[in-house]
2 protein chains.
Amino acid sequence: MKLEVIKAFQESTFDVFKTMLNVEVTSDDAVPSNQQIFCSVSGTIGLTGSIAGDVIVCLDESLAMHVTGAMLGQAYTEIDDDVIDAVGELTNMIAGSAKGRLEQYDLSLALPTVILGAGHRIGFRQGIMPMKIPFTCEWGTFSIKLGLVEAKTPQPIG
Amino acid sequence: MKLEVIKAFQESTFDVFKTMLNVEVTSDDAVPSNQQIFCSVSGTIGLTGSIAGDVIVCLDESLAMHVTGAMLGQAYTEIDDDVIDAVGELTNMIAGSAKGRLEQYDLSLALPTVILGAGHRIGFRQGIMPMKIPFTCEWGTFSIKLGLVEAKTPQPIG
């Protein structure tokens with residue numbers, strides 16, 4: 001995966017947390033991720049274009065509730081429909097911002113879905129080399145997993 | 001969601017099971033799905049185009065192992081990397097076949113990912129009206145959830 005792709009997702013995450021949630025985020029270097037990842041709350045969104053695959057924002061429940069609280073202006077103590085919507089929206093905004101930084105890849109976004117369940121596993125297919133970008137903010141740590149490959153056939157350009 | 005979309009996924013599922021797994025599948029009418037769904041093994045894939053969203057193939061572990069066994073020609077008694085690959089491939093084939101039947105929607109597919117974990121929940125965002133297509137075969141029952149909406153802006157056409 002090209003560094004510019006990883007960098008786009010890092011910068012988009014900084015921007016979305018800063019502008020939408022008023023929270024500073026720092027990041028370490030991206031590292032290869034396991035083929036299977038374990039999360040409590042995952043926001044996922046599909047990307048198509050000249051790279052294609054899934055972007056997964058991997059949070060714990062506490063951080064998911066903090067994000068929701070900051071987005072909706074009230075405190076959350078359980079994972080409800082608002083948290084699903086907020087994590088979906090967070091995922092959508094990060095991917096949308098990255099899409100804007102990666103115009104040369106002609107990306108389209110599917111819709112975000114949110115997966116819940118302590119310790120659910122998400123498996124990428126063999127042949128995908130997922131990357132993990134670790135982030136830290138005042139609410140804790142989270143990560144973005146990029147399971148993207150170059151598309152075999154070029155996507156149509158309008 | 002238009003009936004032709006649902007029908008394309010029904011027929012694609014019949015075809016993929018018949019041609020790839022040599023198993024007959026029957027289906028009941030699609031029904032509106034809950035905003036949150038519970039699965040043991042989910043194959044998900046993002047779609048973009050003039051409709052966009054996620055297609056989720058929702059199986060239990062036994063059926064996932066049967067599918068893998070039929071695809072790879074050996075028996076499976078646990079959920080391992082082969083099962084992840086097989087469920088991903090099944091999801092990819094069903095979505096790919098449906099894409100071929102829905103040329104008018106100009107669809108592109110992201111990559112399949114597979115989610116594992118007894119009773120994990122997948123939440124769609126508010127505003128999406130997911131549909132559930134129930135299927136039955138000799139190995140048990142499974143379903144496909146379609147969380148698709150019409151895209152706000154038309155996708156470029158080559």
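Two strands pair if DSSP finds at least two bridges between them. Strands (E, at least two residues) and helices (H or I, at least four) are DSSP runs, numbered from the N terminus. The model is predicted: local features need pLDDT of at least 70, side-chain atom pairs count only at pLDDT 80 or more, and totals for chains, interfaces and linings use all residues. Residues are numbered from 1 along each chain as its sequence is written, chains are lettered from A and ligands numbered from 1 in the order in which they are written, and side-chain values use heavy atoms, with hydrogens and water left out.

**Stop 1: the paired strands**

Which residue of E6(B) stands opposite A:Ile115? Opposite A:Ile115 is B:Ile122.

**Stop 2: the whole interface**

Now select both chains. Contact (heavy atoms within 4.5 Å) links 39 residues of chain B with 39 residues of chain A. Buried area is the accessible area (1.4 Å probe) that two parts lose on being put together, summed over both. For chain B and chain A it is about 3,100 Å², with 53% on carbon and sulfur atoms. Colour B:Leu111, B:Arg121 and B:Arg125: they supply 21% of the area that chain B buries against chain A, more than any other three residues.

**Stop 3: polar and charged pairs**

A polar contact is a pair of N or O atoms within 3.5 Å; within protein, one must be able to donate a hydrogen and the other to accept it, and residues adjacent in sequence count only if both atoms are side-chain atoms. Across the interface, 13 residue pairs are in polar contact, both residues at pLDDT 80 or more. On the side of chain B that touches chain A, E6(B) gives the most, with nine residues.

A salt bridge is a side-chain nitrogen of Lys or Arg within 4 Å of a carboxyl oxygen of Asp or Glu. Two salt bridges lie between chain B and chain A. Select A:Arg125 and B:Glu89, whose side chains meet in a salt bridge at 2.3 Å, N to O.

**Stop 4: the axis**

Chain B can be laid on chain A by a turn of 180° and a shift of 0.0 Å along the axis, with an RMSD of 0.0 Å, after least-squares superposition on the C-alpha atoms of residues with pLDDT of at least 70 in both copies. That is the relation of a two-fold axis. Select B:Gly46: in chain B, its C-alpha is the nearest to the axis, at 2.2 Å.
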